[in-house]
Amino acid sequence: MISLPSMLKYQRHLGLTGQWLLQSVARGNPGSSAYFSPILGWSGPYPETTGYLIPTLFALHNRFPDHGYDQAARHAGNWLLDIQHDNGAWPGGVHRANRQGHPSVFNTGQVIRGLLALDDATKDNGWLAAALRAAEWLAAGVGDDGQWQLQDYRSANTPSYYTYVASPMLDVWRRTEDRGIHDASERVLDLVLRRRQTNGAFAHWGFAEGEPGFTHVIGYTVAGLLEAARLTGDWTRYGAPATQALETLRTKSELNHGRLSGAFDLDWSETVKAVCLTGNAQIAICLLVWEEQAHDLRLVNAAAKLMDEVCRRQWVHSWPKSLRGAVGGSSPLWGRYMTMRYPNWAAKYHCDALMSLIDRLSCEVESTT
Amino acid sequence: MKLALTAGYDRALHAIALAELLRRQGHHLDPVLVVNQITFTRVRQTLRQQGLTGLRHQALRLLTNASRHNKNQGPSCLERFLDNHCISERSLKQWCRKHHSTYDVVTTLNRPSAIRLVAATAPDGLIYAGGGILLQPIIDTVRGRILNAHSGPLPEIRGMNACEWSVLLGLKPTVTIHFIDRGIDTGPPIATFPVRVERGDTIERLREKCTLRGVEGIVQCLDAINRPIPSAAKVPAADLYRQCHVLAPVLRELLEARLRSGSSLDFQGRELS
């Protein structure tokens with residue numbers, strides 16, 4: 001098979017990021033350290049991102065079977081079970097051994113992703129049972145209007161990026177056929193769809209009310225809808241409404257050679273000059289998911305440019321070891337999103353996007369030969 | 001006819017070919033506007049978007065003449081075309097001096113000074129052979145009578161790298177002669193000219209073939225400048241088709257691999273969005 005030089009480059013970057021993720025698990029032991037700061041060093045383990053890191057670790061294991069990714073995933077999963085609250089939720093924020101923490105809607109949703117990946121990989125019922133308890137807790141908190149009743153994180157209203165909580169709930173429903181979970185997640189998704197503006201943006205997509213959305217949370221919002229479309233098989237209802245936002249982001253990114261501005265207002269004006277690298281990778285993933293429907297290499301082109309930009313900004317030097325393979329929150333590093341830090345979720349989405357891109361390009365290369 | 005001509009740079013061989021062929025048909029070209037590629041804004045924009053590597057690449061391209069082929073491959077299609085037609089000039093400035101046409105270098109074609117220069121000669125139409133996006137004032141100055149050769153089928157393949165995208169998206173490479181309007185390649189098409197792709201073609205060669213076909217196409221379609229421009233209702237809905245942008249390096253490599261192997265070159269009609 002023909003191997004394209006850029007695909008080999010993507011493979012190299014993937015290997016580096018994967019190794020950095022293993023470092024983050026070793027340092028955050030037993031979870032994955034939230035971020036590395038050149039000033040403060042490694043942070044404590046972060047349940048939310050440790051949860052959604054697990055599917056990535058299994059996907060990396062499929063490509064690099066001897067690197068210990070699957071062990072890291074199981075280890076992280078066991079820790080998440082240990083710290084699950086009795087009501088099924090997980091706490092918000094970075095984990096502290098002497099503090100239980102408040103239950104968090106968003107974090108619980110992300111941990112479910114990890115448990116479902118463990119369920120797929122091990123076929124052990126314990127993971128699904130824990131995920132079901134968590135999803136039941138989430139479903140019980142959703143009101144008739146689709147809002148979570150308890151105040152969560154920085155907003156009194158349920159932010160639009162909580163579509164990324166609704167989609168793992170749908171995944172639990174698909175496995176357990178629990179109608180209550182399905183209906184609750186549908187109410188959340190419908191609430192966000194009602195917030196869709198005529199220009200394709202979604203109101204309340206920022207971390208706090210009235211704030212512009214970093215591409216990181218815009219990526220969550222759109223990805224949640226695309227996942228819901230896949231899980232329900234209803235592209236028209238959930239997937240199609242997200243495409244206008246994606247088309248706008250594609251155009252903006254293409255015109256800047258993959259340097260997508262870090263945050264956008266509802267009128268799509270750029271509010272942050274720095275690139276949010278996590279957002280770049282998330283939008284690339286969304287474009288590739290859309291491309292499965294649209295069959296249009298122009299979407300792959302935009303995704304490749306977004307990822308080229310992230311790869312260009314990745315720390316690839318062998319010293320210091322803690323930075324090798326790390327992906328910054330922002331580019332430049334002093335940008336507003338995760339200032340001067342290298343979050344584990346930037347690395348997670350970098351890996352996910354590179355794997356999707358390599359797989360998609362491999363199909364094209366195969367058809368060429 | 002009295003015609004104005006634009007070009008993206010002074011040594012644009014296709015623009016020289018166009019100018020000379022049109023002159024030989026009895027048309028008068030005045031003014032010839034060439035866009036200056038080395039401006040502070042342009043350098044800053046390139047640096048910001050493509051970094052130092054991009055800037056170096058652009059500078060090399062300008063210095064070595066964009067349409068010149070690799071020396072190992074011999075003269076390019078365009079150079080051969082010029083030689084075959086006994087066109088000795090290799091610079092628009094040189095051509096203008098020889099044929100007493102006004103030659104001006106502008107930072108953008110949309111500057112009032114450029115528009116004034118066009119308006120002063122009151123041309124029957126403008127031949128666009130590069131120089132960036134045209135805004136409404138200059139379009140209005142020539143009453144919309146601007147001919148462009150677009151290296152892809154319209155309305156399906158709008159935007160940049162059109163001949164490359166045609167091959168990648170499985171459409172037969174075609175040059176479309178069309179009027180320019182406010183949108184990106186959304187103006188009414190006049191005629192199409194197929195371009196033959198052969199196994200072993202490179203991207204550069206493919207682009208040159210399209211450029212050459214465009215030169216021939218504009219010369220053939222010049223009379224359209226005097227005909228009424230089709231109304232908007234008659235133009236296929238360009239907005240239905242996604243705009244194309246510059247190829248990412250990996251897709252460029254993929255296209256090169258396809259051209260080398262000759263696979264995916266059996267173009268089928270397919271629907272795009």
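The expected span of a helix is 1.5 Å times one less than its number of residues. Helices (H or I, at least four residues) and strands (E, at least two) are DSSP runs, numbered from the N terminus. The legends below describe a predicted model, in which local features need pLDDT of at least 70, side-chain atom pairs count only at pLDDT 80 or more, and totals for chains, interfaces and linings use all residues. Residues are numbered from 1 along each chain as its sequence is written, and chains are lettered from A and ligands numbered from 1 in the order in which they are written.

**Figure 1. Helix H9 of chain A and its bend at Gln244(A).** H9(A) consists of 21 residues, and its first and last C-alpha atoms are 28 Å apart, close to the expected 30 Å. The helix bends by about 30° at Gln244(A), where the bend is the angle between axes fitted to the seven residues ending at a residue and the seven starting there. Its buried residues (20 or more other C-beta atoms within 10 Å of the residue's own; exposed means 12 or fewer, partly exposed in between; C-beta atoms are placed from the backbone) include Tyr238(A), Gly239(A), Ala242(A), Leu246(A) and Leu249(A). Arg250(A) and Glu254(A) also belong to this buried set. The buried residues of H9(A) pack against helix H7 (179-194), helix H8 (215-232), helix H10 (277-294) and H11 of chain A; contact requires C-beta atoms, placed from the backbone, to lie within 7 Å.

**Figure 2. His257(A) and Met340(A), two residues of chain A with positive phi.** Just after H9(A), His257(A) takes a positive phi of about 55°. The residue belongs to the loop between helix H9 (235-255) and strand E6 (263-264) of chain A. His257(A) counts as buried because 20 C-beta neighbours lie inside 10 Å. Met340(A), likewise a residue other than glycine, has a positive phi near 55° and is placed in the loop between E9 and E10 of chain A. With 16 C-beta neighbours inside 10 Å, Met340(A) counts as partly exposed.

Figure 3. Pro332(A) is located in the loop between strand E9 (330-331) and strand E10 (342-343). Pro31(B) is found within strand E2 (residues 28-35) of chain B.

**Figure 4. The surroundings of Gly31(A).** Gly31(A) occupies the loop between H1 and strand E1 (35-37) of chain A. It has 27 C-beta neighbours inside 10 Å and therefore counts as buried. Residues up to four places away in sequence aside, Gly31(A) touches Pro45(A), Tyr46(A), Pro47(A), Thr50(A), Ala76(A), Trp79(A) and His95(A). Gln149(A) is 118 residues from Gly31(A) along the chain, and the two C-alpha atoms are separated by 29 Å.

**Figure 5. The contact between chains A and B.** Here 23 residues of chain A are in contact with 20 residues of chain B. On the side of chain A, two or more residues each come from helix H1 (5-28), helix H11 (297-313) and helix H12 (344-368). H11(A) gives the largest share, six residues. By residue class, this side of chain A divides into nine nonpolar, seven polar and seven charged residues. In this division Ala, Val, Leu, Ile, Met, Phe, Trp, Tyr, Cys and Pro count as nonpolar, Asp, Glu, Lys and Arg as charged, and the others, Gly among them, as polar.

**Figure 6. Helix H1 of chain B and its packing.** H1(B) (residues 13-24) has 12 residues, and its end C-alpha atoms are 16 Å apart, which agrees with the span of 16 Å given by 1.5 Å a residue. Nine of the 12 residues are buried, so H1(B) is largely enclosed by the rest of the structure. Among them are Leu13(B), His14(B), Ile16(B), Glu20(B) and Leu22(B). They pack against strand E1 (2-7), E2, helix H3 (77-84), helix H4 (92-99), strand E4 (125-129) and helix H8 (203-221) of chain B. Just after H1(B), Gly26(B) takes a positive phi of about 100°.

Notes: Two residues are in contact if their C-beta atoms, placed from the backbone, lie within 7 Å.
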